[in-house]
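Try each task before reading its solution.

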Amino acid sequence: MTNDITDKPKDYEVLSSLVRDMDIDDIASVYHLGDTLFTSDLYPYIYRTWDQWEVIGLYNTDPEYCLVAEIQDQLAGFILGTIITKASLAYGYILWLGVNPAFQRRGVADTLVDRLVERMIDDGARFMMMDTDPENAPAVNFFTRKGFGNNRKHVFLSIDLSKHEYYGKLIAYEREKAERKAWKRPRRPTKS
């Protein structure tokens with residue numbers, strides 16, 4: 001899932017950035033930046049949701065494909081990816097790419113993608129994939145400019161389970177059960 005990536009204007013200013021492997025001290029900053037970029041109001045039906053486990057999980061399983069960019073000692077952006085191997089085929093997959101709004105349109109996303117592509121080629125990937133919401137035109141335009149093609153739209157369907165008949169029955173049952181538990185049988189007076 002990508003967000004807030006735009007085409008570089010012709011006169012963009014590239015600040016000197018350092019791209020390096022993400023380390024354990026970056027996890028919180030990466031998570032918090034992603035939390036501001038990948039909001040559920042923008043993308044309510046994405047199949048992957050941004051949470052701390054996305055960052056921690058990828059850092060634990062694929063640290064070599066978790067990169068950060070720093071500009072002037074600030075987190076400018078990050079990219080999180082993986083290599084998937086099936087039989088004799090290995091391909092790279094960009095799961096998350098985010099750029100701090102203060103550093104957008106300065107080549108940060110370009111540099112992060114370029115470094116990850118180089119690393120994945122070195123590690124045997126022969127093609128790469130990424131996905132984004134089809135309505136995220138800046139990301140689609142960015143990745144098209146970077147050479148990604150074969151654009152396909154996925155259909156994601158959803159259902160609000162709180163409106164499902166069974167859900168209503170389950171809630172009613174749980175309420176009745178709670179009421180039964182709260183109701184106590186009056187005690188009979190004992191004969192003396």
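**Exercise 1. Is Arg 105 buried, partly exposed or exposed, and what is its phi?**

Start with the accessibility: in this predicted model, Arg 105 has a relative accessible area of 39%. Next, find its place in the chain: Arg 105 sits in the loop between β4 and α3. Finally, check the backbone: its phi is positive, about 65°, although Arg 105 is not a glycine.

**Exercise 2. Find the loop that holds Gln 72, and classify the residue by accessibility.**

First, locate the residue: Gln 72 belongs to the loop between β2 and β3. Then look at its backbone: phi is near 50°, a positive value in a residue other than glycine. Last, compare the accessibility with the cut-off: exposed means over 50%, and Gln 72 has 57% relative accessibility, so it counts as exposed.

**Exercise 3. Work out the strand order of the sheet and name its edge strands.**

Step across the sheet: its five strands follow the order β1-β2-β3-β4-β5, the pairing is mixed, and the sheet is open. The edges are β1 (18–21) and β5 (127–130), each of which pairs on one side only. From one strand to the next, the twist averages 25°.

**Exercise 4. How do β3 and β4 run, and which helix packs on the sheet?**

Take the strand pair to begin with: β3 (residues 74–86) and β4 (residues 89–99) run antiparallel, joined by 10 bridges. Within this pair, Gly 81 stands opposite Ile 94 in β4. Now turn to the helix: α3 (residues 108–122) packs on the sheet and touches β1, β2 (66–71), β3, β4 and β5. The direction of α3 makes about 30° with that of β3.

Conventions
Residues are numbered from 1 along each chain as its sequence is written. This is a predicted model: local features need pLDDT of at least 70, side-chain atom pairs count only at pLDDT 80 or more; totals for chains, interfaces and linings use all residues. Side-chain values use heavy atoms; hydrogens and water are left out. Two strands pair if DSSP finds at least two bridges between them. Helices (H or I, at least four residues) and strands (E, at least two) are DSSP runs, numbered from the N terminus. Axes are lines fitted to C-alpha atoms, for helices over the stretch in contact, and angles run from 0 to 180 degrees between N-to-C directions. Contact means heavy atoms within 4.5 Å. Buried means under 20% relative accessible area, exposed over 50%, partly exposed in between (1.4 Å probe, protein chains only).
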